[in-house]
Amino acid sequence: MAEVFVAKVSEIPDGERRIVKHDGHEIGVFHWQKQFYAYQNMCVHQGGPACEGSIMHKVEDVIGEDRTWQGQRFSATQVHFVCPWHGYEYDLRTGECVPDRSLKLKTYPAIRRGEDIYVVAE
Amino acid sequence: MDLPLSDFRKMSVQEFDTTKLLDHAAQQARERKYSEFPIIDVDSHHYESESMGEILEYMEDPVIAQLARAASTSNSKGPGVLNAGGIGYQDMGGRVSRYQLRTIEKVDGGGKHRDIALTKRWMDAMGIDIAVLFPTPMLQLGLHPQVEVEVALARAYNRWLCERILAQEPRVRSMLYLPFNDAEASYKMVKEFGDKKGVCGFMITSARYRPVHHNSYMKTYALIEEMGIPLAFHAGYNWGDQSISMLNRFISVHGLGFVIPNMIHMANWVMNGLPERFPKLKLIWIESGLAWLTFMIQRFDNEYMMRSSEAPSLKKLPGEYITDMFYTSQPMEMPRDMGMLEATFRMIKAETQLLYSSDYPHWDFDLPSTIYDLPVLSPQGKRNILGGNAVKLFNIQDVGKKLAQVA
């Protein structure tokens, strides 16, 4: 196990991400609502750079009390990042592939030491 | 403004570069040793609408050309004559970033056309040696209400493509657009362009309302058969179609709309006995995926056993004609049960009839690894699908050495 320095906290503002390379693997480190999350930058679909895509909130259907469709909205809480190759969406907080949560990006522990961020890689 | 990329692939929005976007594809090409065998991409695209100013220079009808030029300057959204795709959300609301960014991508084509340079960037990243290139908005030109516009634009595009792209770059080929709403014009197109450099067949866009068994087309099929080159049907959606217009999500329109037109044309082609009338004409069905084929084979074999009197020209089961045809692979459905894909491959004789296609740069492109990594194919079968079948079908001579230069 190796601790890989990612960046200073100030270098990854909340809502941003940094991608580092270690031993041939690319690791995407996201800063989201004061937490850090780290995943392998390799889409489970065709190997695209999943962590390099847009960050977008989950789209939800709005269904009324009477079960009628009222429109759509972006979720206030659920946030995804999207592989730029084909649009595979991942839960930013878990790395799970949203349409099939049995599929998941490889996850790495992200550690904050003072003002430094590290990920624990193999 | 920087794109959210890794430090080692850093670029600003203005510096968007397909080679960097596809860095992982190049990694796959190296790891899988694509350098050891040819890869031919039988369905890829460019955006001819970006070159419409040049294409209009090749348009012979001065009135239509003037209409197009005037519309493009006054509306600033493209030439008025091109029904450029209609409603659609191919870029998924910006999630597939290359749609926006590739329009500003900078290239140094070394004197060659920008489309050649852009095409070779993704070809090299994926390890593709030769690509068959098709237009994008023109996939819906067959729905144009003015037949004369389809003919004029098809001819201008084909002239431009042959001169500015195909003649300049041996790694890029095309099956030329046929203005199928005018049978006579289609025949003339084959006559005039069939032997041009880089022309490896002809293509009918499937989104249209002309029955392929109409007698007016027979001499065109006969001519293409005599030339020994394939005829392709390229699928495309039509949200304006009365049935498809009931669908309210693009996922539904794309999922069904890219298949139903080819199902209709194939049904007409087989049930009217065209495979018996043109036994040497090689047919390719493009961009409908593969899952529809098991449906077509099972459905029509079953119907035919009861209603053979309605298809008296057939000398074997409909499905047997279907398995003699050729298919491009993309978008290859990846079923949860791989046994279904295995059965599909068996039914369509994939190891000899299936042709790898990327469909790049469109949103649902497939890398060569979609074929290479399949556990249900033999090593030789993979190489056949990725290139060997296309080499035979198109009689490609220049694949002795690897043409792709993977970075």
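This tour moves through selected places in the structure, from a sheet to aromatic rings and then to a surface patch.

The model is predicted: local features require pLDDT of at least 70, side-chain atom pairs count only at pLDDT 80 or more, and totals for chains, interfaces and linings use all residues. Residues are numbered from 1 along each chain as its sequence is written, chains are lettered from A and ligands numbered from 1 in the order in which they are written, and side-chain values use heavy atoms, with hydrogens and water left out.

**Stop 1: the sheet of chain A**

Strands are DSSP runs of E with at least two residues, and helices are runs of H or I with at least four, numbered from the N terminus; two strands pair if DSSP finds at least two bridges between them.

Next, select strand 6 (residues 69–82) of chain A, which is joined to strand 7 of chain A by three bridges. Val82(A) has Glu89(A), in strand 7 of chain A, as its bridge partner.

**Stop 2: aromatic rings**

Rings of Phe, Tyr and Trp (its six-membered ring) pair if their centres lie within 6.5 Å; planes under 30 degrees apart count as stacked, over 60 as edge-to-face and the rest as tilted. Over all chains, 25 aromatic pairs are counted. Select Phe30(A) and Tyr39(A), a tilted pair with 6.4 Å from centre to centre and 50 degrees between the planes. Phe30(A) is buried at 0% relative accessibility, and Tyr39(A) is buried at 1% (buried is under 20%, exposed over 50%, partly exposed in between; 1.4 Å probe, protein chains only).

In chain B, Phe37(B) and Tyr372(B) are stacked, because their centres are 6.2 Å apart and their planes lie at 0 degrees. Phe37(B) lies in the loop between helix 2 (23–31) and strand 1 (40–45) of chain B, and Tyr372(B) in helix 17 (residues 369–372) of chain B, 335 residues apart. Phe37(B) is buried at 6%, whereas Tyr372(B) is partly exposed at 27%.

Then select the aromatic cluster whose members include Phe180(B), Trp269(B) and Tyr327(B).

**Stop 3: a surface patch**

Finally, select Leu256(B), Ile260(B) and Ile264(B), a nonpolar surface patch with about 240 Å² of accessible area together. Patch residues have over 30% relative accessible area and no salt bridge; like charges are joined within 9 Å, and nonpolar side chains (Val, Leu, Ile, Met, Phe, Trp, Tyr) within 5 Å. A salt bridge is a side-chain nitrogen of Lys or Arg within 4 Å of a carboxyl oxygen of Asp or Glu. Ile264(B) belongs to helix 11 (residues 260–271) of chain B and is partly exposed at 47% relative accessibility.

Definitions and conventions
Accessible areas come from the Shrake-Rupley method with a 1.4 Å probe; for residues, only the protein chains shown count as cover.
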